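Here is a short briefing on one protein chain. Please look at the sequence and the structure first, then read the points below.

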Amino acid sequence: MKSRDFITTTVLNLGDEHYETLKQVLVGQFISFAIIEDSEITKDIFAEKIYDYFEKLELKTNKPFQFYLKNYMNNLDEIVRSKIAKTTTPKKGEGTNVIVPRARKYYEKALKLKESRELTFNKLYDYTRIMLSLYSAIIENHYKEIHNMDYSIESINSHKIITSMKNEKEEVFLQGKKPKFNLKDLYSADSCTFIIVNILLNKMLEDKF
């Protein structure tokens, strides 16, 4: 998947409400305009600016857009996987019923999408919806292990998700915990992850209607 195809399918297909929401989130933190006033930023200009961002990122790092999509998918996996309840295998003499929690079923379905040889937009979209539904359930369960989840788009709160992702920590050997995502470098894999997730969140919320 090329960045142009991704932007055309998402940003250019947003309605006014979710386009404005996405613009408010990205402009100033990830996307900037030196001359054009906010009121003059049309959807086409905004989409072109995001395309320029992805193009500059690829040129700066010498890594294709596909690499950043995979990195984005890995990042979602890393903040979700440890909180998904595992399949319960009965002990000897306790019957043969294997219990697979609903959350685990969805998570394993997401992993198959992530491991697909060819990544299409539909696979990326479905993967994101599953993982953000799981992440939403984790947030609502105070970051404890989950067995169940709500797959409806209504359960996805973009503000809670982005705020939670910004607060994610990871363990670093001999250093303790540090923020998982470093957004200080604009042209980085972490900043790119936040641009992609915001775009897909607004695309999903748009599709709800």
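Where does Met1 lie relative to α1? Met1 is in the segment before α1. The model described here is a predicted one.

**The start of the chain**
- Met1 is partly exposed, because its relative accessible area is 22% and the buried class requires a value under 20%.
- Met1 and Pro64 are 63 residues apart along the chain, yet 9.9 Å separates their C-alpha atoms.
- Leaving out residues up to four places away in sequence, Met1 touches Phe6, Phe65, Gln66, Leu69, Leu119, Thr120, Phe121 and Leu124.

**The largest nonpolar core**
- The largest nonpolar core is made up of 64 residues.
- Phe6, Leu26, Ile50, Phe54, Val80, Leu134 and Met165 have the most contacts inside this core.
- Two or more residues of the core come from each of these elements: α1 (3-9), α2 (16-26), α3 (43-61), α4 (65-80), α5 (102-114), α6 (121-140), α7 (158-166) and α8 (189-207).
- The element that gives the most to the core is α6, with 12 residues.
- Leu134, one of the core residues with the most contacts, touches Val80, Ile84, Ala103, Tyr107, Ile146 and Met149 when residues up to four places away in sequence are not counted.

**Ser136 in helix α6**
- Ser136 is found in helix α6.
- Is Ser136 buried or exposed? Ser136 is buried, because its relative accessible area is 7% and the cut-off for buried is under 20%.
- Apart from neighbours within four places in sequence, the residues in contact with Ser136 are Ser155, Ile156, Asn157 and Ile161.

**The pair α2 and α3**
- How do α2 and α3 cross? Their axes come within 12 Å and cross at roughly 45°.
- The crossing of α2 and α3 is left-handed.
- On the α2 side, Tyr19, Leu22, Lys23 and Leu26 take part, and they meet Lys43, Phe46 and Ile50 of α3.
- The residues of this contact between α2 and α3 comprise 5 nonpolar, no polar and 2 charged.
- Leu26 of α2 and Ile50 of α3 take part in this contact, and both are listed among the residues with the most contacts inside the largest nonpolar core.

Key. Residues numbered from 1 in each chain as written. Predicted model: local features only at pLDDT ≥ 70, side-chain atom pairs only at ≥ 80, totals over all residues. Heavy atoms only, no water. Core = buried A, V, L, I, M, F, W, Y, C linked by side-chain atoms within 4.5 Å. Buried < 20%, exposed > 50% of the residue type's maximum accessible area, 1.4 Å probe, protein only. Helix = DSSP H or I, 4+ residues; strand = E, 2+ residues; numbered from the N terminus. Contact = heavy atoms within 4.5 Å. Axes fitted to C-alpha atoms, helices over the stretch in contact; angles between N-to-C directions. Left-handed = near helix turned anticlockwise from the far one by under 90°. Nonpolar A, V, L, I, M, F, W, Y, C, P; charged D, E, K, R; others polar.
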